[in-house]
Amino acid sequence: MANVVVVGAQWGDEGKGKIVDWLSERADVIARFQGGHNAGHTLVIDGKVFKLSLLPSGIVRGGKLSVIGNGVVLDPWHLVKEIAILREQGVEITPETLMIAENTPLILPIHGELDRAREDQTSVAKIGTTGRGIGPAYEDKVGRRSVRVADLADDATLELRVDRALVHHDALRRGLGLEPIDRDALLAALREIAPSVLEYAAPVWKVLNEKRKAGKRILFEGAQGALLDIDFGTYPFVTSSNVIAGQAATGTGIGPGSIDFVLGIVKAYTTRVGEGPFPAELNDADGQRLGERGHEFGTVTGRKRRCGWFDAVLVRQTCATSGVNGIAFTKLDVLDGFETLKICTGYELDGQMLEYLPTAADQQARCTPVYEEMPGWSESTEGARSWAELPANAIKYVRRVEELIGCPVALLSTSPEREDTILVTDPFAD
């Protein structure tokens, strides 16, 4: 059976939640492999809205196993809160439907405090972090001072892990003018939350490999977007983890040969939240119109998203770094009614033409877009479920995007409703 990785191919907010939900009906396991609760996914099912930020999107589908892999950083208090909200909405969550990798690092309250204190500094440029402790938690993972899920099961180990973290964090806090960490209070909070996390703890790597050998279909769910990847994104205005498809393997403990299809989620225009370069950004009426029609506000932060025309240069680049086999093209209906559409096909930098986004931050900031214009359409594409229901110019737009990014459309989404989807290529096909 085919296993599929879903990644955002822009700066996040591409509509991954709906696509993962749409695909999860045919999957047996849905696994998150990176990020934390800074990733917002909104699902609309039969008119009912579910807002997720940590749990895999498949959790709202009965009969599926949802997995949080070791590549995720986990806020245990947020986990308990999100589970409680979903249960109130009628979603059943048990250790049979949710597993958390035992080697998953935890986000502690001290991580959020450090995150926000750094961002509040005025002496350095802001990164645009959500302030939820994601970055500092990943720093502790790499620095070998994380408290991991398995550590909650043994009090002596837990104390050792906390003490190791405090040596580092108290020194940082002094430099930022923060009070020392209350060790006893932190340990007490961890001991209290431990049973609520440990009931879901499992050797996820072992479970996933057994599922694969048994012929089960696994759907790997990424968060954010490839342009926020710590290595291949618009550094330093990025997240603190690898977002591209290769992380699906290391973030869950399954071999890269187990991945059969990479589906890149691509919005019909471009948005980004927070700071950083954005060559095709629109600060005019068209940009405002895209934001209003697309309801472009962050699921997690509520921050207004910056909007611009579709940037084929960026998507071509992310399709290459993630090895994308096909894209899911979302929010086409937002473009309904535009008389003229533009697609960014290249950049001009200091008098030279570029067909890729340069690595150096100063060069990224100086890139100006080169546009190709296409006629828009006045008819509605909202709710279309076949090519025959799409206006001719909408089809031409989609086909031109395919040409420019060098990757075919596998799915086309025309509204937030899961059934308003045109299937071109089945990612799960053997």
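# A walk across the sheet and its surroundings

Start with the open sheet of 10 strands, whose order is S7-S6-S5-S2-S8-S1-S9-S13-S17-S18, with mixed pairing. Strand S7 (201–202) and strand S18 (421–423) stand at its edges with a single partner strand each, so one side of each has no neighbour in the sheet. Two strands count as paired if DSSP finds at least two bridges between them. The strand and helix names follow DSSP runs, numbered from the N terminus: helices are H or I runs of at least four residues, and strands are E runs of at least two.

Before you go on, note that this is a predicted model, in which local features need pLDDT of at least 70 and side-chain atom pairs count only at pLDDT 80 or more, while totals for chains, interfaces and linings use all residues. Residues are numbered from 1 along each chain as its sequence is written, and side-chain values use heavy atoms, with hydrogens and water left out.

**Stop 1**

Select S5 (residues 65–68). Leu65 and Val67 point one way from this strand, Ser66 and Ile68 point the other way, and all are buried. Here, buried means under 20% relative accessible area, exposed means over 50%, and partly exposed lies in between (1.4 Å probe, protein chains only). In a regular strand the side chains alternate between the two faces of the sheet.

Ile30 stands opposite Ser66, and Arg32 stands opposite Ile68. Within S2, Val29 and Ala31 point one way and Ile30 and Arg32 the other way, and all are buried. S2 also pairs with S8 in the parallel sense, over 4 bridges; there, Ala31 has Phe220 as its bridge partner.

The bridge partner of Val67 in S6 is Met99.

**Stop 2**

Show helix H2 (residues 76–88), which makes a right-handed β-α-β unit with S5 and S6. To check the hand yourself, point the strands away from you: a crossover is right-handed if the path from the first strand over the helix to the second runs clockwise.

Next, select helix H6 (residues 183–198), which packs with H2 at an angle of about 45 degrees, their axes 10 Å apart. The axes are lines fitted to C-alpha atoms, for helices over the stretch in contact, and angles run from 0 to 180 degrees between N-to-C directions. H2 and H6 are therefore oblique to each other; angles under 35 degrees count as roughly parallel, over 145 as roughly antiparallel, 65 to 115 as roughly perpendicular, and the rest as oblique. H2 passes H6 in a left-handed crossing, meaning that the near helix is turned anticlockwise from the far one by less than a right angle.

**Stop 3**

Look for Val6 and its bridge partner in S9, Leu263.

Then pick helix H1 (residues 16–24), which is mostly covered, with 9 of its 9 residues buried. Among them are Lys16, Asp21 and Trp22.

**Stop 4: backbone details**

Most residues other than glycine have a negative phi, and most peptide bonds are trans. Select Tyr235 and Pro236, which are joined by a cis peptide bond with omega of about 5 degrees. Pro236 is in the loop between strand S8 (218–221) and helix H8 (247–250).

Arg144 has a positive phi, near 60 degrees, and sits in the loop between helix H4 (134–142) and helix H5 (155–176). Arg144 is exposed, at 69% relative accessibility. Lys331 also has phi near 60 degrees, in the loop between strand S13 (326–330) and strand S14 (340–349); at 24% relative accessible area, Lys331 is partly exposed.

Stay with H4 and pick Gly135. Gly135 is 105 residues from Ser240 in sequence, yet 5.2 Å away in space, C-alpha to C-alpha.

**Last stop: the cysteines**

How many disulfides does a search of the whole structure find? The count is 0, where a disulfide is a pair of cysteine sulfur atoms within 2.5 Å. For Cys307, the nearest cysteine sulfur is that of Cys344, 16 Å away. The sulfur of Cys344 is 9.1 Å from the closest cysteine sulfur, in Cys367, which is too far for a bond. Cys307 is buried, at 5% relative accessible area, and Cys344 is buried at 0%.
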